[in-house]
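Here are my notes for your reading of this model. Please keep the coordinates open while you go through the points.

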Number of protein chains: 2
Amino acid sequence: MAINLLNEKLSWRSQQANRISRMQRAQETLGLALSGKILPALEIVPLLHSVLEPGDRVCLEGNNQKQADFLAESLRSVDPQRINGLHMIQSVIALPAHLDVFEKGIASKLDFSFSGPQANRLAKLVSSGKLNIGAIHTYLELFARYFVDLTPRVALVAAQYADRQGNLYTGPNTEDTPAILEATAFKGGIVIVQVNQIVDQLPRIDVPADWVDFVVEAPRPHYIEPLFTRDPAQISEIQILMAMMAIKGIYKEYEVNRLNHGIGFDTAAIELILPTYGEALGLRGKIARHWALNPHPTLIPAIEAGFVESVYSFGSELGMENYIRARPDIFFVGPDGSMRSNRALCQVAGHYACDMFIGSTLQIDLMGNSSTATLGRISGFGGAPNMGSDSRGRRHASAAWLKAGKQGRQASGQIPRGQKLVVQMVETFREHMHSAFVEKLDAWQLAEQASMPLPPVMIYGEDVTHILTEEGIANLLLCRNVEEREQAIRGVAGYTPVGMGRDRRVVENLRDRGIIQRPADLGIDKSLATRDLLAAKTMKDLVRLSGGLYDPPRQFRNW
Amino acid sequence: MAINLLNEKLSWRSQQANRISRMQRAQETLGLALSGKILPALEIVPLLHSVLEPGDRVCLEGNNQKQADFLAESLRSVDPQRINGLHMIQSVIALPAHLDVFEKGIASKLDFSFSGPQANRLAKLVSSGKLNIGAIHTYLELFARYFVDLTPRVALVAAQYADRQGNLYTGPNTEDTPAILEATAFKGGIVIVQVNQIVDQLPRIDVPADWVDFVVEAPRPHYIEPLFTRDPAQISEIQILMAMMAIKGIYKEYEVNRLNHGIGFDTAAIELILPTYGEALGLRGKIARHWALNPHPTLIPAIEAGFVESVYSFGSELGMENYIRARPDIFFVGPDGSMRSNRALCQVAGHYACDMFIGSTLQIDLMGNSSTATLGRISGFGGAPNMGSDSRGRRHASAAWLKAGKQGRQASGQIPRGQKLVVQMVETFREHMHSAFVEKLDAWQLAEQASMPLPPVMIYGEDVTHILTEEGIANLLLCRNVEEREQAIRGVAGYTPVGMGRDRRVVENLRDRGIIQRPADLGIDKSLATRDLLAAKTMKDLVRLSGGLYDPPRQFRNW
């Protein structure tokens with residue numbers, strides 16, 4: 001059978017040819033203002049006008065920490081008559097400028113992962129028709145699509161320093177940069193980098209100049225959000241009780257050694273009682289040794305007490321620089337002494353090399369599905385679904401993974417398989433006496449409002465292994481059917497309507513079978529759950545325990 | 001509560017201090033033979049003696065294509081009295097030298113992913129107690145552990161060129177190198193690189209010299225296996241029939257646009273009939289547009305016919321260099337014109353950005369679990385489990401994913417969720433009339449023999465959505481219970497004992513419900529399943545269709 005070949009005159013180099021025209025336009029526009037790859041900050045809008053084309057897929061670096069904020073603001077200043085209909089691809093919608101480009105018609109489509117700070121405004125732009133959402137992703141799946149069907153035509157990223165050749169130093173906050181640039185630079189795209197400073201000699205090279213087209217020294221250093229700092233002073237005794245249950249009922253029970261903690265006070269409490277409660281239980285060197293985690297300041301006491309063997313990070317945390325530099329046995333640091341992070345690889349580590357994800361949530365339904373979506377806010381997913389799902393491509397065993405797998409499949413008659421521990425930790429009532437347990441997630445209504453194909457579930461009930469509240473732990477692995485699962489969830493839902501709706505007899509039976517465990521069942525003396533158990537009670541304690549190396553951002557200091 | 005801090009004199013820089021001693025020993029041993037980071041090939045064993053320490057975790061680069069073979073052979077030559085008990089971490093056990101180090105006592109522990117060519121000998125070394133397997137992984141989860149609990153102390157890798165400063169060009173076969181070096185160089189490890197040539201000017205920089213400690217020009221270029229080349233002449237008409245069913249019954253049915261193909265003739269047949277059968281069905285531009293795939297030569301006709309929009313690759317394929325260079329719109333190429341691969345990122349792409357994995361297997365049981373493990377051979381997993389499992393951290397929708405999810409959950413009452421298509425393609429009888437369908441996988445017996453914690457299952461039945469044989473397609477998503485699932489599998493198992501054991505009435509009912517589809521049910525005329533349908537029938541055809549750009553390795557040429 002003959003095959004229809006494409007017209008032989010078809011160019012197979014259209015992307016390269018298009019790249020050359022863009023580069024030529026830039027050269028013509030900037031002329032002598034361009035010194036090699038380096039341009040003055042004042043020329044950035046003319047550069048964007050010359051290299052961007054309407055409808056371009058543009059990856060603007062912005063995640064939960066580092067922001068290419070100067071480039072974001074410059075993009076907002078382009079002329080919508082010339083540059084419009086851009087398809088923005090970015091990890092996080094965080095700055096007003098990120099949405100201004102939609103308001104102005106410069107951009108029209110968005111693929112993203114998280115939009116916490118701008119969730120309300122994003123929802124409004126969607127309703128008004130000015131912003132069309134492609135999809136909401138976890139970080140790692142968005143990176144995956146860079147290489148498959150969402151390859152950026154232009155990347156706008158941030159680095160700490162560049163040298164005069166255009167080599168980059170991204171340092172502790174390397175984060176998303178390598179993944180974005182690898183996809184863009186190797187598919188004929190254009191790479192524009194804002195740097196805090198152009199220097200003669202970089203501390204180390206994180207990205208070779210070959211991958212970079214233009215470098216601009218921004219008028220001010222790029223923004224970094226200290227997202228992972230939690231003040232120990234704000235940790236409540238309920239959180240301490242929950243942390244005790246987590247350590248004794250889960251970390252110890254499953255011998256969890258490789259793990260990720262979500263953001264928040266619940267898990268910060270666990271970090272802070274490892275050196276006290278964990279030590280008293282004789283668990284040093286037996287649990288929580290290897291972490292895929294940003295350098296949480298609240299982990300300092302556990303590091304100093306010898307609990308932690310290694311920490312690999314998605315990004316860094318402001319103020320932790322000197323502490324990390326002084327603890328190279330724990331953190332991943334370069335030859336120059338500063339940390340190297342890499343969000344893509346750390347998400348891979350969280351997905352495949354961790355035995356447990358534990359994190360907080362806002363709402364849990366009767367099947368154990370949980371979501372942080374609430375009405376009128378399109379907040380997205382971030383990294384939690386990637387960490388908080390069973391990694392079914394995993395094949396290597398560990399004690400924790402085998403035990404969870406055995407418990408989860410004992411009644412199924414299926415071939416044996418391991419399973420990741422996915423723990424949702426939540427107080428039964430959240431702020432303003434809203435129940436954390438609901439019959440139906442707000443996500444359903446949100447899906448309808450925003451015409452999403454599926455309700456935006458953060459962690460699916462099928463993937464959750466344990467729910468932990470101040471009332472106890474529900475081990476969903478051991479439930480034999482959906483009815484038991486529902487009662488197990490009701491059985492730790494306290495005085496919420498969901499909790500009050502429990503069948504007391506069934507719940508007692510679940511407790512007898514160890515599916516529900518109360519603090520007493522775990523041998524936990526609730527009277528010990530006081531702030532005395534915190535290895536650090538204040539930010540100042542963290543500084544002291546770090547030997548003065550930790551330098552908290554100003555907003556966390558009251559001294 | 002007071003916390004026990006570690007002895008304040010504890011060093012937090014033991015890895016760095018240890019690295020400095022190793023580097024000093026190397027300096028003392030090699031002295032003037034060392035020119036910057038570059039040493040003569042003759043000095044490699046002395047270098048290994050000076051930088052290695054007994055018990056080290058050593059990552060030796062070796063995957064299904066590129067081999068750091070000179071370093072592997074050099075490692076075999078070290079003195080086991082001085083260097084012993086190494087813990088080897090490597091993607092693939094492929095060369096005799098990889099196992100010689102265990103025979104000689106230089107190494108004693110192994111964490112790996114695949115051992116195809118050495119599977120028998122590996123099993124013998126395990127029985128003899130000379131080799132202790134940590135675990136068998138998929139590629140991506142092994143990379144994940146580099147950053148968590150299996151960080152290499154010494155990395156031995158291969159690159160194409162280095163410049164005199166130690167910058168590396170890894171080019172088309174970049175593969176595992178960046179992940180290995182990122183983990184090693186940023187945790188105080190030692191990086192040794194064999195290169196084919198030291199040059200004054202690299203085509204581009206793939207790895208900055210900062211990440212490299214020593215470079216040696218090997219006496220011969222590193223080995224590359226042309227693993228993904230399949231001669232169209234060997235494709236059978238049964239394979240063509242199966243390929244027709246795949247395209248009409250699955251690709252078209254689910255609108256599959258982002259995909260990965262396993263290695264083998266079954267999927268090569270699909271690639272080769274896209275431009276004929278796929279074109280006749282009007283599917284150009286509607287299916288199979290974006291690929292996470294090595295540059296398979298059998299994909300050339302589909303590329304030339306305009307089916308393929310993009311291909312991102314784990315590694316390269318020998319002989320495809322010039323073709324790739326001439327098709328930059330399709331492949332990921334650098335500013336120098338040659339391809340960039342990256343196994344870690346391409347596995348991420350395969351896991352999270354693909355809607356379908358389709359591949360062959362050796363054995364399938366009645367639950368749909370499949371395995372390539374057979375008795376006496378410990379062959380490992382490679383990348384298949386990562387691609388061939390439902391990616392439960394995925395949150396973005398596509399038509400294929402939504403439809404599979406809907407079919408798979410229609411009876412469950414669970415919250416809606418998408419699902420990856422995982423297709424196992426197999427002829428009912430394999431070589432020597434062995435049945436591909438079995439009551440019990442050999443993997444069970446292998447697990448017992450080798451004391452594995454779980455039977456080595458390649459793809460779990462829970463993750464498989466379709467089984468495709470010459471008899472038809474079984475859609476496991478639509479099965480309401482395990483009994484139906486078993487009969488669906490028996491219903492496509494042909495004249496194997498498993499197939500003969502079918503309940504004819506149930507199977508006919510499954511066919512009525514579209515759960516089993518025969519070629520006739522799909523409107524496929526079996527008489528068209530001839531080699532005429534192949535867009536290329538020989539290697540020479542592939543060369544011709546590539547416009548003379550494809551240059552097959554000698555073993556694939558008969559002219």
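Which residue caps the N-terminal end of H12(A)? The first point takes this up, after a word on conventions.

This is a predicted model, in which local features need pLDDT of at least 70 and side-chain atom pairs count only at pLDDT 80 or more, while totals for chains, interfaces and linings use all residues. Residues are numbered from 1 along each chain as its sequence is written, chains are lettered from A and ligands numbered from 1 in the order in which they are written, and side-chain values use heavy atoms, with hydrogens and water left out.

1. The cap of helix H12 (residues 343-352) of chain A is Asn342(A), a side-chain oxygen of which lies 3.2 Å from the backbone nitrogen of Ala344(A). Helices here are DSSP runs (H or I, at least four residues), as are strands (E, at least two), and both are numbered from the N terminus. H12(A) is mostly covered, since 10 of its 10 residues are buried, where buried means under 20% relative accessible area, exposed over 50%, and partly exposed in between (1.4 Å probe, protein chains only). Among the buried residues of H12(A) are Arg343(A), Gln347(A), His351(A) and Tyr352(A).

2. Across the interface of chain A and chain B, the rule finds 47 residue pairs in polar contact, both at pLDDT 80 or more; a polar contact is a pair of N or O atoms within 3.5 Å, and within protein one must be able to donate a hydrogen and the other to accept it, with residues adjacent in sequence counting only if both atoms are side-chain atoms. H12(A) supplies six residues, the largest share of the side of chain A that touches chain B.

3. The rule also finds 14 salt bridges across the interface of chain A and chain B, each being a side-chain nitrogen of Lys or Arg within 4 Å of a carboxyl oxygen of Asp or Glu. One salt bridge joins Arg392(A) to Glu462(B), with the closest N and O atoms 3.6 Å apart.

4. The area buried between chain A and chain B is about 9,300 Å², and carbon and sulfur atoms give 62% of it; buried area is the accessible area (1.4 Å probe) that two parts lose on being put together, summed over both. In chain A, Trp12(A), Phe186(A) and Arg395(A) lose the most area to chain B, together 10% of what that side buries.

5. Strand S6 (residues 154-162) of chain A has seven of its nine residues buried, so it is largely enclosed by the rest of the structure. Two strands pair if DSSP finds at least two bridges between them. S6(A) runs parallel to strand S8 (residues 190-198) of chain A, joined by eight bridges, and Ala159(A) has Val195(A) as its bridge partner in S8(A). Three bridges join S6(A) to strand S2 (residues 57-60) of chain A, again in parallel, with Leu60(A) partnered by Leu156(A).

6. Strand S7 (residues 168-169) of chain A runs antiparallel to S6(A), with two bridges between them, and Tyr161(A) stands opposite Tyr169(A). The two strands form a hairpin with five residues between them, and Gly166(A) in the turn has a positive phi of about 105°.

7. Arg490(A), in helix H16 (residues 482-490) of chain A, is buried, with a relative accessible area of 8%. The side chain of Arg490(A) reaches the backbone oxygen of Val498(A) at 3.1 Å.
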